[in-house]
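The following exercises are to be worked with the sequence and coordinates at hand. Each task is followed by a solution in steps.

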Amino acid sequence: MVRLCTSKVKEFDMLWFFICLAGIVIVFFKMMPSKSSTRAAAVEPIFSWPELDEFGTKVVGESFYQSALKVIVIASGHKRKDYEAIPARAVLVPESDNQHDVNAVRVDISGLPVGHLSRKDAKKYRAALVKVGHGVVPAECKAAITGGFKMDNGKQAHFGVVLCVPPLE
């Protein structure tokens with residue numbers, strides 16, 4: 001019969017625990033937006049859209065901002081049921097210097113970028129801002145963060161964002 005020294009096994013387990021923990025922390029901070037992009041994203045809105053009850057505009061590209069959305073949800077302290085959306089305020093920031101689309105509109109929540117309007121919606125959104133007489137400026141609206149719940153397979157669903165802006169025509 002082989003006897004293992006339990007203290008050495010415990011030391012070995014603790015060492016691996018701290019190595020894994022350090023790896024998780026490093027990966028988490030690598031996935032977070034850089035300080036310059038995070039701080040540059042904090043934009044004050046010039047205009048607020050009227051309060052509506054319909055969240056009809058979906059945000060795209062949230063998959064690139066899952067860590068930011070998780071930070072926002074945790075920081076909100078909002079206690080929710082599995083499928084309940086988390087209320088938020090979004091700032092829609094026109095990005096005329098965006099290298100992929102000159103009509104791009106970034107969506108920020110709590111000063112962090114969480115996605116963009118689709119190309120089609122961004123063009124319509126910019127036209128709507130001009131139509132109401134504000135030009136192309138940052139504006140705020142109601143938003144809801146969806147997802148993030150634990151699925152039946154044990155994995156966490158991705159977060160999503162929907163906006164409450166007037167219908168874009």
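**Exercise 1. Determine which residues of helix 4 are buried, and on which side of the helix they lie.**

Solution. The model is a predicted one.
Step 1. Apply the cut-off for burial, under 20% relative accessible area. In helix 4, the residues classed as buried are Asp-121, Ala-122, Tyr-125, Arg-126, Ala-128 and Leu-129.
Step 2. Consider their directions around the axis: these residues cover an arc of only 160 degrees, which puts them on the same side of helix 4.
Step 3. Turn to the face directed away from the buried side, where the exposed residues Arg-119, Lys-120, Lys-123 and Lys-131 are found.
Step 4. Check the length. Helix 4, with 13 residues, reaches 19 Å from its first C-alpha to its last, close to the 18 Å expected at 1.5 Å a residue.
Step 5. Inspect what follows: just after helix 4, Gly-133 has a positive phi of about 90 degrees.

**Exercise 2. Describe the surroundings of strand 7 and identify the strands with which it pairs.**

Solution. 
Step 1. Six of the six residues of strand 7 are buried, so this strand is largely enclosed by the rest of the structure.
Step 2. Strand 6 pairs with strand 7 in the antiparallel sense over six bridges; Lys-142 has Cys-164 of strand 7 as its bridge partner.
Step 3. Strand 2 (residues 57–60) also pairs with strand 7 in the antiparallel sense, over two bridges. Here Leu-163 of strand 7 is the bridge partner of Thr-57.

**Exercise 3. Find which residues touch the most other members of the largest nonpolar core, and which elements supply that core.**

Solution. 
Step 1. The largest nonpolar core holds 28 residues, and Leu-92, Ile-109 and Leu-163 touch the most other members.
Step 2. Among the elements that give two or more residues to this core are helix 3 (66–76), helix 4 (119–131), strand 3 (86–94), strand 6 (139–147) and strand 7 (159–164).
Step 3. Take Ile-109 and leave aside its neighbours within four places in sequence. Its contacts then include Ile-72, Ala-88, Val-114, Ile-145 and Val-161.

Technical notes:
Residues numbered from 1 in each chain as written. Predicted model: local features only at pLDDT ≥ 70, side-chain atom pairs only at ≥ 80, totals over all residues. Heavy atoms only, no water. Core = buried A, V, L, I, M, F, W, Y, C linked by side-chain atoms within 4.5 Å. Buried < 20%, exposed > 50% of the residue type's maximum accessible area, 1.4 Å probe, protein only. Helix = DSSP H or I, 4+ residues; strand = E, 2+ residues; numbered from the N terminus. Contact = heavy atoms within 4.5 Å. Expected span 1.5 Å × (residues − 1). Arc of directions from axis to C-beta. Pairing = 2+ DSSP bridges.
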